[in-house]
Amino acid sequence: KSRPPLVWHWIPVFGSAAGYGQDPIQFFLDCREKYGNVFTFVLLGRRVTVALGPEGNNFIMGGKHTVMSAEDAYTHLTTPVFGKDVVYDCPNEMLMEQKKFVKFGLRLENFRAYVSMIEDEVIQFMNKDSSFRIFQMNDINEWGRFDVLDAVSEITILTASRTLQGREVREAINKNYAQVFADLDGGFTPLHWLFPNLPLPSYRKRDLAQKKMSDLYIDIIRKRREAGNTSDEVDMIASLCNQKYRNGKVLEDHEIAHIMIALLMAGQHTSSATGSWILLHLAQRPEIVEEVYQEQVKHFRNPDGTWRSMEYEDIRQLPVLDCVIRETLRMHPPIHSIMRKLRDDVVVPQTLASPSEDGSYVVPKGDMVLSSAAVSQVDPLLWRNSFEWDPSRWADPEGVAQQAFKQYDDENGAKVDFGFGLVSKGTESPYQPFGAGRHRCIGEQFAYLQLSTVVATLIRRVEIKLETDMPKPNYQTMITLPKKPRNICYRRREF
Ligand code: HEM
């Protein structure tokens with residue numbers, strides 16, 4: 001049995017950690033040149049087998065969950081942070097049911113209520129002159145500066161807590177929640193994935209914060225129950241209460257609490273990173289900001305210059321903004337590596353890679369397998385001007401985008417779904433910022449709703465520009481964030 005080619009490295013156990021850690025996209029593209037679509041590299045003693053291209057995405061994202069296990073790949077990172085009995089600390093069938101419960105919370109009538117809440121939070125954030133002082137909206141016509149990631153992270157947690165996380169969490173943010181979140185987040189890093197338990201302060205803080213965070217949610221659930229659950233809350237806690245597994249067992253309080261933590265962690269950095277990259281690219285392209293702004297004017301400005309509030313249905317009809325988000329997710333998918341651990345040997349399809357015409361590679365049980373949509377989304381073989389941020393490539397499903405997929409379409413006849421926030425359904429699509437298959441993201445529509453509303457609310461009120469080069473991506477965090485300096489200049493619009 002042939003194993004896939006092993007990436008050559010100097011230091012035995014360390015392996016390719018430096019190349020992969022510095023810039024995984026370049027590392028994968030370089031390896032593809034030398035070894036083809038499938039190769040194995042050593043990462044601090046672990047064997048990781050990478051499968052690239054749409055077919056590679058399909059091999060892993062469409063692989064059998066009983067063989068390619070997400071829980072075996074992630075649980076040692078996620079369980080100390082989320083808590084027990086949810087997501088990757090339970091059988092996969094239970095996760096599938098938990099995702100169904102969450103989907104129930106992410107329903108249309110809730111989304112309708114969220115738009116004005118998000119808008120309100122962004123306006124409050126811009127106007128407030130208290131702790132953050134990121135925007136000081138009084139200096140009309142003067143240019144100010146803000147660190148985009150700091151600002152968007154703050155806005156993301158404020159808007160997510162006001163909507164999904166619920167009133168009590170939103171209130172707690174003004175108290176000590178921020179520190180607890182920071183400590184928990186400090187335990188969600190590549191180091192913690194590689195070494196689940198080290199005697200270091202970040203691990204102790206993580207464990208304490210998990211307990212505090214879990215208690216906070218359990219307390220909210222109990223208080224609501226004592227009050228008779230009569231409120232008309234539109235948040236996720238309300239949706240999760242009273243949900244039952246197929247075997248009749250109700251979701252217990254600690255399970256609800258831990259799902260809430262998982263959702264917080266799943267949505268916070270992914271949306272903050274995406275919002276930051278969107279604003280950075282817009283700040284570099286005033287003509288596209290103008291298009292986004294004019295789209296807002298067309299849909300929402302009253303004759304007297306005031307703005308009409310957005311409705312969920314309106315947001316779904318803003319093609320310029322939609323293309324901006326979609327294109328940003330193409331170039332900056334927050335998650336660059338999706339991992340599974342093999343519970344059995346797996347044969348690589350010959351059409352993806354093979355040692356010879358009649359041979360096949362076999363990836364051995366125990367290997368991590370890795371899929372990277374971050375590579376297929378900027379692959380020069382698949383996309384026109386693949387490293388250029390060009391929202392217009394998505395503008396016309398019949399034209400530009402089809403050309404963007406030309407080679408791929410020609411060879412595989414793949415279909416791309418151009419619904420709102422739903423481009424990447426198939427496991428073989430080259431465009432998968434939200435993953436694909438069984439573990440696909442269920443937060444996509446919420447993320448589009450949140451990002452659209454935040455960006456629109458900001459762009460209505462400020463002009464933005466970038467005085468520096470586009471920041472480089474930092475691949476050493478779990479989520480690909482822009483490195484410093486990442487200041488955006490802004491100036492308040494007339495009205
Ligand atoms: C799964 C990306 C926002 C909840 C995933 C996966 C990706 C992803 C790539 C697949 C992971 C894998 O296969 O290993 C994103 C991006 C987001 C985003 C780019 C924002 C721009 C959210 C939000 C929520 C959320 C806001 C919750 C409200 C989840 C859940 C899963 C998931 C529950 C399923 C995990 C599984 O089945 O194993 N996301 N996500 N995500 N995401 Fe998101």
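Two strands count as paired if DSSP finds at least two bridges between them. Helices (H or I, at least four residues) and strands (E, at least two) are DSSP runs, numbered from the N terminus.

Welcome to this structure, which is a predicted model: local features need pLDDT of at least 70, side-chain atom pairs count only at pLDDT 80 or more, and totals for chains, interfaces and linings use all residues. Residues are numbered from 1 along each chain as its sequence is written.

**The sheet**

Let us start with E9 and strand E12 (residues 487–492), which pair in the antiparallel sense over four bridges. Here Val462 stands opposite Arg492 in E12. Both strands belong to an open sheet of three strands, in the order E4-E12-E9, with antiparallel pairing. Strands E4 (144–147) and E9 (462–465) form the edges, each pairing on one side only. From one strand to the next, the twist averages 35°. Helix H7 (residues 148–165) packs on the sheet and touches E4 and E12, where contact requires C-beta atoms, placed from the backbone, within 7 Å. The direction of H7 makes about 70° with that of E4.

**Around the ligand**

Next comes the ligand, surrounded by 23 residues, of which the closest are Gly267, Thr270, Gly435, Cys441 and Gly443.

Methods. Axes are lines fitted to C-alpha atoms, for helices over the stretch in contact, and angles run from 0 to 180 degrees between N-to-C directions. Two residues are in contact if their C-beta atoms, placed from the backbone, lie within 7 Å. A residue is near a molecule or strand if its C-beta atom, placed from the backbone, lies within 6 Å of it.
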